[in-house]
Amino acid sequence: MNRGEELARKLIVPMYVLGLLGMFAIVVAVHITRKPGEGMENAMDYTDFSDGWTLDREGTVRAELGKLGTYMDEETGVLSIYHRLPSMEGDESLVFRTKDVYTKLLIDGEVFYATNVYESGFYNRSPGNLWNIAKFHDNCSGAIVEMQVYMVYDTSAITVDHTIWGDKTDIIMAFFRDKFFGITVSLLMVIIGLVLIAIDVMPAYSHARKNHGMVWLGLYSTLIGIWSVTETNVMQFFIQDMRILQLVGNMIMILDSMPLLLYLDCEYGIFKNWFMRVFCYCDTVYILVATALQLTGISDLHIVLPGAMITMMVSCCVLLVWVAVELTVRIRRHQSVLHYALQLTGLGALWISALGEALRSAQADHMDRAEYIRVGMLVFIICLAISSQLETYRLFENGLKYDIISSLAYSDGLTGLGNRTAYLEQIEAHASGETGITQLGIVFLDVNNLKKVNDSQGHEKGDELIVAASKIIADSFGKSGQSYRIGGDEFCVLMTGGSLQEKYEAGFARFQQLIDDANRVKGRTYEIQIANGFSICDMISREKIDEAVAAADSAMYANKSFLKSRVV
């Protein structure tokens with residue numbers, strides 16, 4: 001790994017996380033400081049509407065809602081349009097969507113409805129996408145309603161559309177039915193993202209992958225899913241303060257390209273390329289600058305959104321090139337291509353949907369800017385997730401094979417306890433101070449009469465004796481330490497922690513009980529007899545551990561001689 005690549009990995013992630021936290025700080029700051037505003041006069045307003053309106057109260061000059069920006073007086077930033085209400089037998093509602101504008105409805109000069117305004121020094125200037133619902137009583141039949149539209153940014157951003165007159169409940173339910181698929185797909189992306197993040201923190205995954213690419217892919221999916229939900233314009237029916245939704249949507253558009261780039265680095269190591277390192281530095285700086293501009297009030301996120309569009313386009317192009325190159329190389333080498341073919345499929349779906357969305361938007365402004373792209377994005381995320389999981393399975397399978405081989409190298413095949421190699425390495429780890437222990441208890445054990453059983457009853461019975469003895473040792477002393485078979489009939493237990501003498505005595509009591517119980521088993525053709533010796537090493541060093549081992553070994557041989565001298 002070159003110095004530039006190493007430095008990029010150390011700086012880009014913290015810079016992005018700082019930007020992410022900065023965006024979160026903006027939301028927190030808004031929540032803490034916001035308060036209801038006193039009226040539209042305190043804000044520059046910007047609006048757009050639909051059909052049947054006029055520029056004068058008499059109804060002689062018709063106004064097209066799709067061209068409200070052309071009628072707006074930029075000096076005042078206010079436009080009034082008029083419409084005569086139909087006759088009503090009961091209460092009716094006027095429901096309309098506005099984007100980046102504030103509106104008021106007046107009858108005979110009296111304000112009947114106004115965009116609900118919350119103020120905070122950290123907000124964007126506009127309320128974003130907003131469903132306006134104004135309820136009229138039957139005494140308003142035939143009255144002329146004046147709509148005042150307040151410009152926020154410029155005349156090209158004025159949008160007022162989907163003007164609907166009728167029963168409010170019916171209108172909302174019809175809209176929900178129309179957007180059910182979009183809501184479902186959006187929530188599915190959020191769920192997939194959260195699942196991918198959860199998978200990444202699982203120990204088995206971390207062991208197999210050695211990187212956190214799935215976290216970045218999960219974050220990308222979650223952010224896109226949340227943005228897609230806001231684009232359905234459904235949440236606007238439930239949240240009174242629309243400015244927070246617009247702020248969150250803008251934040252996601254600025255933030256969501258970096259997780260994709262970080263995922264690419266985990267999968268393909270894009271930081272090896274100097275251009276990609278520079279591009280990622282620029283992206284993180286852009287995020288930090290956007291955050292600073294919003295927090296200081298110099299500008300707002302809506303103004304800097306073109307940078308997010310450029311970043312996302314470059315990110316997608318990089319992904320397309322990288323995957324295509326990798327796929328080509330693997331085809332030439334006759335290697336497995338499923339992993340890359342899935343990613344290329346997902347990319348294709350994303351590009352086709354993005355192209356369709358661009359063509360649709362070029363024809364007219366649409367309420368839901370994610371209608372096509374959310375489907376392509378879902379296919380893209382699922383393909384990337386499946387391909388990453390296939391790669392994880394391959395790595396996990398290889399890691400499992402390694403673990404099995406490692407286990408065989410350090411385990412005794414007959415008893416399942418640690419073998420002599422494991423014992424010697426553990427002694428070395430303790431002696432070098434690697435384990436950080438301050439005391440070590442050593443129990444040496446030897447199974448008596450193994451040769452006699454092998455010679456008189458066969459090696460099968462001898463193996464049976466060793467297995468029975470190992471179980472007794474593990475069930476008594478092994479509960480306070482690690483058990484090893486270090487020779488044909490020799491065992492050792494290394495005990496750590498405090499109160500080693502008490503642990504040994506408790507283990508020894510159980511040890512004797514288990515031997516007595518085993519020797520009372522009917523049909524056993526041999527007696528189990530195990531000599532043991534114990535010592536404690538109070539000062540951890542190579543010399544002191546060797547002395548303790550020798551003391552335990554000597555005590556064990558003394559006990560062995562005693563047991564053999566007993567009359568059976």
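**Salt bridges and helices**

Lysine 544 and glutamate 547 form a salt bridge through their side chains, with an N to O distance of 4.0 Å. The model is a predicted one, and the distances and accessibilities given here are computed from it. Both residues belong to helix α16 (residues 542-565), where they sit three residues apart, about one turn of the helix. An α-helix has 3.6 residues a turn, so residues three or four places apart point the same way. Lysine 544 has 34% relative accessibility and counts as partly exposed; glutamate 547, at 41%, also counts as partly exposed. Elsewhere, salt bridges with shared partners connect Glu428, Arg542 and Asp546 into one network.

Across the whole structure, a search finds 12 salt bridges. Side chains of opposite charge can pair when their charged atoms come close. One of these bridges joins lysine 461 to glutamate 464, whose closest N and O atoms are 3.8 Å apart. The two residues lie in helix α14 (residues 459-476), and because they are three residues apart there, about one helical turn separates them. Lysine 461 is partly exposed at a relative accessible area of 27%, and glutamate 464 is partly exposed at 37%. Another bridge brings together aspartate 517 and arginine 520, with 2.6 Å from N to O. Here aspartate 517 is partly exposed, at 33% relative accessibility, while arginine 520 is exposed, with a relative accessible area of 57%.

Glu428, named above as part of the salt-bridge network, falls within the residue range of helix α12 (residues 420-431). This helix has 12 residues, and the distance from its first C-alpha to its last is 16 Å, close to the 16 Å expected at 1.5 Å a residue. Just after the helix, glycine 433 has a positive phi of about 85°. Which residues of α12 are buried? They are Ala422, Tyr423, Gln426, Ile427, Ala429, His430 and Ala431.

Helix α5 (residues 213-231) can be checked in a similar way. Its 19 residues should span 27 Å at 1.5 Å a residue, and its end C-alpha atoms are 27 Å apart, which agrees. Asparagine 233 follows α5 and has a positive phi, near 65°.

The aromatic side chains come next. The structure holds 10 aromatic pairs. In one of them, the ring centres of phenylalanine 96 and tyrosine 113 are 6.4 Å apart and the ring planes stand at 80°; the pair is edge-to-face because planes over 60 degrees apart are classed that way. This pair links distant parts of the chain, since phenylalanine 96 is in strand β5 (residues 92-99) and tyrosine 113 is in strand β7 (residues 110-114), 17 residues apart. Both partners are buried: phenylalanine 96 has 0% relative accessibility and tyrosine 113 has 16%.

Another pair is formed by tryptophan 274 and phenylalanine 275, with ring centres 6.3 Å apart and planes at 90°, so this pair is edge-to-face too. Tryptophan 274 counts as exposed at 59% relative accessibility, whereas phenylalanine 275 counts as partly exposed at 43%. Ring pairs also connect Phe477, Tyr504, Phe508, Phe511 and Phe534 into a cluster.

Phe181, Val375 and Val379 make a nonpolar surface patch of about 240 Å². Of these, valine 379 is located in helix α11 (residues 373-410) and is partly exposed, with a relative accessible area of 32%.

The last stop is a loop. Aspartate 56 is found between β2 (53-54) and β3 (62-63). Is this residue buried or exposed? Aspartate 56 is buried, with a relative accessible area of 15%. Its C-alpha atom is separated by 9.1 Å from that of histidine 83, a residue 27 positions away along the chain.

Key:
Residues numbered from 1 in each chain as written. Predicted model: local features only at pLDDT ≥ 70, side-chain atom pairs only at ≥ 80, totals over all residues. Heavy atoms only, no water. Phe/Tyr/Trp six-rings, centres within 6.5 Å; stacked < 30°, edge-to-face > 60°. Helix = DSSP H or I, 4+ residues; strand = E, 2+ residues; numbered from the N terminus. Buried < 20%, exposed > 50% of the residue type's maximum accessible area, 1.4 Å probe, protein only. Expected span 1.5 Å × (residues − 1). Patch = residues over 30% accessible without salt bridge, like charges linked within 9 Å, V, L, I, M, F, W, Y side chains within 5 Å. Areas by Shrake-Rupley, 256 points an atom, 1.4 Å probe, with all protein chains shown as cover.
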